[in-house]
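The following explanation leads the reader through selected features of the structure shown below. Please keep the structure in view while reading.

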Amino acid sequence: MSKLSDKIKNNGLEILSSLNQNKKTFLLVVIAALVFMFAICWITFFATVRGPEQVMVPNVEGKELTTALLELQVKELYPKIQLKYTDNPDDAGKILNQNPEGGSIVKAGRRVNLTVSRGVILDHVENYIGQNYDDVKINLQTMFTGSSRPLIVLAEPSYKSDQSEAGTILAQDPPEGTIISNPVTVKLIVSKGAEYENARVPGIVGFDFKKLISTISGSRLIFDFTVHVAENGETEGTVTSQASAAGEYLPNYSRVSAEIAIPKKQNDDEVMGLFVTQLPEYPYAVEMTLESSKNGVKQNLITLRHKGGNVTIPYIAEKDSELILSIAGRTVARQTVD
């Protein structure tokens, strides 16, 4: 037993001695094995994740969307679709443009931007009868903003007396439902109100500004005001004269001249004045709104109906504010309060 133990011990010492003598060789073998394994892993990695092959982008402009998608799929390209209205009904569902362009060389898997036509905004004439002419005109202008070829164009309307409110569309040509294949010119007949109706002239002499503004806002007459600095015996900020006699009947929206005496010295905060501007003549009375604006805060001063031309509106507003006159929400004149 002792001899066996000594033999094992001697064998172990010989192995240790041999390893100790070949230490450098062993380390070199280990390092070489690690380098070899790393090289194999590196080659395998790049073989696996090598970049996609390059392909030529097909030209799909003018083609149907389904055809374009199939051609892109064959090239392993992916579409990003944007929709857009056009002027031509025949464009519906077709590719208007693409990016990258046809013929470009890109990597497979690239995204291609496609603009596809949704067709025209309208494909038939709508019913405008009973609507306000100004509202229809503004809606169509908004609908075709930026369009080089609007599909619906309004001809200069014809006006006729009617019991309907002034500006109401009474008839149209072509009729509702007419299919739009090319730009259509729509002819309208518009009410200018009942001409035979008359309005009673109010007696406004002696009215102060506030009472005057309240009166003219509900009147069916047009007042042409002028102003002068109050003289001896005149009450500042009142109407001193009018051309037509109080109680007289005049056709609707006839013009009545009147004179106002304004203060010699204005209040430090509020100013009494006359807003004056020149507008186109309208075939019927339109609704106008005069607002004051200061530091972003707006205040409605008066809303009245007027036929355009010479416009004069008395006001009381804060000093240094801006007066804004608008028709159907569109600004037509501005003035600063001094």
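In this predicted model, Asn59 is partly exposed, because its relative accessible area of 47% falls between the limits of 20% for buried and 50% for exposed residues. Asn59 belongs to the loop that runs between strand 1 (54–56) and helix 3 (65–74). Its side chain reaches the backbone nitrogen of Glu61 at 3.4 Å. When neighbours within four places in sequence are left aside, Asn59 is in contact with Glu71, Gln98 and Gly102. Gly103 is 44 residues away from Asn59 in sequence, yet their C-alpha atoms are 6.6 Å apart in space.

Attention may now turn to the pockets.

The largest pocket holds about 560 Å³ of space. Its lining comprises 22 residues, and Tyr133, Asp134, Lys137, Gln141 and Arg330 lie nearest its centre. Helix 4 (133–143), strand 6 (152–154), strand 15 (270–294) and strand 18 (330–336) each contribute at least two lining residues, and helix 4 provides the largest share, six residues. By class, this lining has 17 nonpolar, one polar and four charged residues.

The second largest pocket has a volume of about 380 Å³. Of the 19 residues that line the second largest pocket, Lys192, Gly193, Ala194, Asn252 and Tyr253 lie nearest its centre. Strand 15 and strand 16 (297–318) are the elements that give two or more residues to this lining, with strand 15 giving the most, three residues. By class, the lining of the second largest pocket has seven nonpolar, four polar and eight charged residues.

Definitions and conventions
Residues numbered from 1 in each chain as written. Predicted model: local features only at pLDDT ≥ 70, side-chain atom pairs only at ≥ 80, totals over all residues. Heavy atoms only, no water. Helix = DSSP H or I, 4+ residues; strand = E, 2+ residues; numbered from the N terminus. Buried < 20%, exposed > 50% of the residue type's maximum accessible area, 1.4 Å probe, protein only. Contact = heavy atoms within 4.5 Å. Polar contact = N/O pair within 3.5 Å; in protein donor to acceptor, adjacent residues only side chain to side chain. 1 Å grid on protein atoms, 1.4 Å probe; cavity = no way out; pocket = protein on both sides within 12 Å on 5 of 7 lines; lining within 4 Å. Points joined across faces, edges and corners; volume = space filled by probe spheres on them. Nonpolar A, V, L, I, M, F, W, Y, C, P; charged D, E, K, R; others polar.
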